[in-house]
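Subject: Structure for your review

Dear colleague,

Please find below the structure that I am handing over to you.

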Amino acid sequence: MHKWLRSAVALYSVPRLSATLAYMLQNTEYQPLPYLRWFWRTQDFSRVMHRRTLEHTRAARLIQLIISLGVVGHVAFALLYMGTARISHSPGAFWYGAAALVAYPVVWAHILALGVVAGRILVGVPRERKNAQQAAELFQAHPGLRIAIAGSYGKTSMKELLATVLQEGKRVAATPGNMNVISSHARFAHSLSGEEEVVIVEFGEGRPGDVALFSRVVQPTHAIITGVAPAHLDQYKTLEAAADDIFSLASFVPSEQLYVNADSDAVHSFLRPEFRIYSRSTTLGWRIQKPTTNLEGTSFELVKGKKRLKLKSGLVGLHMVGPLAFVAAFALQLGLSEKQVVRGIAKTKPFEHRMQPYSLGGATIIDDTYNGNLEGVRAGTELLKLLPAKRKIYVTPGLVDQGKDSPSIHRALGRTIAMAEPDVVVLMKNSVTQYIAAGLSDTDFAGEVRIETDPLSFYQNLSSFTAKGDLVLMQNDWPDNYA
């Protein structure tokens, strides 16, 4: 079936239209403008739900019901109007009704956006304010340490590391999964018993002012900034604006209890002498020696005077040495014994879709598809270059939400990939492919560049592309709402 015919069937079938619009709203986090931008740039509505399908949440079911009832009423009214116009010999009214009939997918797509705006104003915003106030009261009354984790990347990993290690000697609670915005902070606050000694809260900033808002609710006693990189630039516009927001944490915690990842180049202009920094070479007065990494994990030693602590983690990649060393030193600072710290670090292992190695028909796949920033690409390509393999393959669709700097960022990404010297680079065809390819060309990259037009098929049939001895690094994901 031709593309435009498939698209028309998807648009004018009421069940498919209601599911498609609900899916688009769901995947743009119910934000009207991104949803409408996606609607208007879509050329084939039959492929909107290509990578994933609609999650049938209560909100999604309600949206589908509203659209279905609304469209049925709309079509019935248009047909009645046309019939009446025909009987009364009014061609103008007839064609007006016909236009209304043809336009119902566009009309209801926009009615849905207006409904979301009204819902946010009348229900969402007041409810969020109430939840934030209640959560702030609960956090303020909590007797434990409250540790906030913010940054463009590495937040969830840092949270999991801290929780894993500190649990060896403390009662710890941490926000679950990727629950890192006000509504999830509020649910987390209600779940606390008050007996926790350490409470860890991940801050999922996405627009200017988010970190200050989260800080007013959580009122952290300590804070960790995991790094700054281009992310959410569709909202922040510039890297400096994103860093300003992240470093607003400094207004809410004592400077000596703000810990910053100095391996992130973009944080350096925001550092103050009183901040505590950590890196691959030093952390909280400890020196880091003998770092090594392979597919089985990462090892290093912490050294202070005559003290020497040998640590081994299941995490993969030298970029994890700084965070691991910081967590170990911080745990010692909070009173954990060396034995507890060694045991806790040994329990850390790769998180789902974050530098997670697995075997596939004799090849080794490193799944880093949750990664979504240039710093993560640098860490991944550093590992790809370091590890031995018969053939090295790098796979990426590129990065999302890079704003107006997307061309230059993706060109830099191409140059970064080339430095790892992979034998094959697989790019998923989309709007940034040309810039990544240009970055590869900048370096006279001599390997094979393969452009896939059907990413889903490639990922589903990865075993047919790989061979025994291959090392494949897959980074980043490209959801359906990006083109």
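The notes below cover a strand and its partners, one glutamate, and several ring contacts.

This is a predicted model, in which local features need pLDDT of at least 70 and side-chain atom pairs count only at pLDDT 80 or more, while totals for chains, interfaces and linings use all residues. Residues are numbered from 1 along each chain as its sequence is written, and side-chain values use heavy atoms, with hydrogens and water left out. Helices (H or I, at least four residues) and strands (E, at least two) are DSSP runs, numbered from the N terminus.

I begin with strand β4, residues 222-225. In a regular strand, side chains alternate between the two faces of the sheet. In β4 both faces are covered: His222 and Ile224 on one side, and Ala223 and Ile225 on the other, are all buried (under 20% relative accessible area, with exposed over 50% and partly exposed in between; 1.4 Å probe, protein chains only). Strand β1 (residues 145-150) pairs with β4 in the parallel sense over four bridges; pairing requires that DSSP finds at least two bridges between two strands. Here alanine 148 is opposite alanine 223. Strand β5 (residues 258-261) also runs parallel to β4, joined by three bridges, and leucine 258 of β5 stands opposite alanine 223.

Glutamate 205 is found in the loop between β3 (198-202) and α9 (210-218). With a relative accessible area of 4%, glutamate 205 is buried. Beyond its neighbours within four places in sequence, its contacts (heavy atoms within 4.5 Å) include Lys155, His232, Tyr236 and Asp245.

The structure holds 17 aromatic pairs. Rings of Phe, Tyr and Trp (its six-membered ring) pair if their centres lie within 6.5 Å; planes under 30 degrees apart count as stacked, over 60 as edge-to-face and the rest as tilted. Phenylalanine 247 and phenylalanine 275 are a stacked pair, 6.3 Å centre to centre with 25 degrees between the planes. Phenylalanine 247 lies in helix α11 (residues 239-247) and phenylalanine 275 in the loop between β5 and β6 (276-278), so the pair ties together parts 28 residues apart in sequence. Both phenylalanine 247 and phenylalanine 275 are buried.

The ring centres of tyrosine 278 and phenylalanine 326 are 4.8 Å apart and their planes are at 25 degrees, so this pair is stacked. It links strand β6, which holds tyrosine 278, to helix α12 (residues 321-333), which holds phenylalanine 326, across 48 residues.

Yours sincerely
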